[in-house]
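Keep the 3D view open as you read.

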Amino acid sequence: MTDITLAPIQPDQPSHLMATYGRQAISFVRGRGAYLYTEDGTEYLDALTGIAVCGLGHAHPVIAEAIAEQAATLVHTSNLFEIPWQTAAAQKLAEVSGMEEIFFSNSGAESNEGAIKIARKFGTQQGVRLPKIIVAEQSFHGRTLATLSATGNKKVQDGFAPLLNDFIRVPFGDVHAIQEAALQHPDIVAILIEPIQGEGGINTAPQGFSYLEEVRNICNQHNWLMMLDEIQTGNGRTGKYFAYQHTNIVPDVLTTAKGLGNGFPVGAVMTQGKAVGLLGPGSHGSTYGGTVLGSRVVYTVIDTIQKENAVENAAVVGRYIVDQLRAQLADKNVQVRGFGMMIGIQLPKDCAELVAIARDQHKLIINVTAGSVVRLLPPINMTQAQADDLLEHLVALINNYL
């Protein structure tokens, strides 16, 4: 390895980074499985995994070996040429997703941009001059201008007007509102929703996953594309490989990222049925989408998830965590919701300060979203012993706060 040691950053040292993140006053230098470590060796249990990214934990040996071997062999050739690892990764992803065509991107936002382009192309072919897409309130689809316009969070949209006006917003889980929108807007061509809203507060529809079945029926009725944003819910996170697999339906367009690369930046937009073939040569592309290195990572991640039965583990251990939280916090005014290793604990008051308390007093990494929801996104291969460690600290944390 190259002998490079980074000098500690001094408090008065100017930073040349754009101030786009409210960073915590801590940094980690290595990770292993469900744990992160600071320079002095202090261990932290990571129940956030880079916001649902490192689903197989940190520095997984199989994935690390694949990255090192491929980086020393061939990293990039461009999509001007056949890329065998990309073909193999697409085959793997098609098998676990049930989709037909796959385009590899670099991020979740790019994947959702691809989905929006597919919807527009579909609408144009249907003779719709200004195609519109239904999206949900409290949603989050990315920070590019199109995905920001689709997002249902005015705070992250502030200052970036004019946004695209091609999106019609309805309450999450409200099928009647979708039907009303259909009557008022004849130029709707698609619906884009998250099966579970992540940034919005681990929100599940009142009717559960049957909501997706109702949406599927509406899309069939009106000849719309059903598009699911599984950037956060995909890759085993909810106890199924993709969250829609809790039902019997299949979307027309599916997007994912985060856990797809276990920390390596990669995403995908997938199509099946009437969405197949809408994008052809010259209509979409990406310099770094599906590189040799990125594709091998995707293949290895999927293969490892399968061999370790990590999806099944997420379902079992995730259910255990939810059941224990409900039992141990039964006397508190909290609501525990979620599936698999995507868990939200709704507190009766804002609780952003719990992030620092958990980190400093319990050596536990968590997140608070939507103001009052403790968000847990542990590794999908977390053991029950690690889950018990998480529960011990988290229950104490919440009990002391309420």
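By class, the residues lining the largest cavity split into 5 nonpolar, 5 polar and 1 charged. To find them in this predicted model, look for A52, G55, L56, G234, N235, R237, G259, N262, V301, I305 and I380, which line that cavity. The volume is about 70 Å³, and a search of the whole structure turns up 1 cavity of 30 Å³ or more. If you wonder how such spaces are spotted, rolling a probe the size of a water molecule over the atoms shows where empty space is left.

Now for a space that is open. The second largest pocket holds about 590 Å³. Its lining takes in 22 residues, and N79, Q86, I102, F103 and F104 are the ones nearest the centre. Which elements each supply at least two residues of this lining? They are α3 (84-97), β4 (101-105) and β10 (267-271). β4 gives the largest share, 4 residues. Sorted by class, the lining of this pocket has 11 nonpolar, 9 polar and 2 charged residues.

Helix α10 (residues 310-328) packs against helix α12 (residues 384-401) at an angle of about 25 degrees, and their axes are 10 Å apart. Angles under 35 degrees count as roughly parallel, so that is how α10 and α12 lie to each other. The crossing of α10 past α12 is right-handed. On the α10 side, the contact uses V317, Y320, I321, Q324, L325 and Q328, while α12 brings Q384, A387, D388, L390, L391, L394 and V395. That makes 9 nonpolar, 3 polar and 1 charged residues in the contact of α10 with α12.

α12 also packs with helix α11 (residues 354-362), this time at about 125 degrees with the axes 11 Å apart. α11 and α12 are therefore oblique to each other. Here, too, the crossing is right-handed, with α11 passing α12. L354, I357, A358 and H362 of α11 meet H393, A396, L397 and Y401 of α12. The class count for the contact of α11 with α12 is 6 nonpolar, 2 polar and no charged residues.

Another helix pair is worth a look. How do helix α7 (residues 175-184) and helix α8 (residues 210-222) cross, and within what distance do their axes come? The angle is roughly 15 degrees, and the axes come within 10 Å, so α7 and α8 are roughly parallel to each other. α7 passes α8 in a right-handed crossing. From α7, the contact draws on V175, I178, Q179 and A182; from α8, on Y211, E214, V215, I218, Q221 and H222. The contact of α7 with α8 comes to 6 nonpolar, 3 polar and 1 charged residues.

Last stop: the backbone. Most residues other than glycine have a negative phi, and most peptide bonds are trans. With that in mind, check S78, which isn't a glycine but has a positive phi of about 90 degrees. You'll find S78 in the loop between α2 (61-71) and α3. Then look at the peptide bond from A161 to P162, which is cis, with omega near 0 degrees. P162 sits in the loop between α6 (154-157) and β6 (167-170).

Definitions and conventions: Residues numbered from 1 in each chain as written. Predicted model: local features only at pLDDT ≥ 70, side-chain atom pairs only at ≥ 80, totals over all residues. Heavy atoms only, no water. 1 Å grid on protein atoms, 1.4 Å probe; cavity = no way out; pocket = protein on both sides within 12 Å on 5 of 7 lines; lining within 4 Å. Points joined across faces, edges and corners; volume = space filled by probe spheres on them. Nonpolar A, V, L, I, M, F, W, Y, C, P; charged D, E, K, R; others polar. Axes fitted to C-alpha atoms, helices over the stretch in contact; angles between N-to-C directions. Parallel < 35°, antiparallel > 145°, perpendicular 65-115°, else oblique. Left-handed = near helix turned anticlockwise from the far one by under 90°. Contact = heavy atoms within 4.5 Å.
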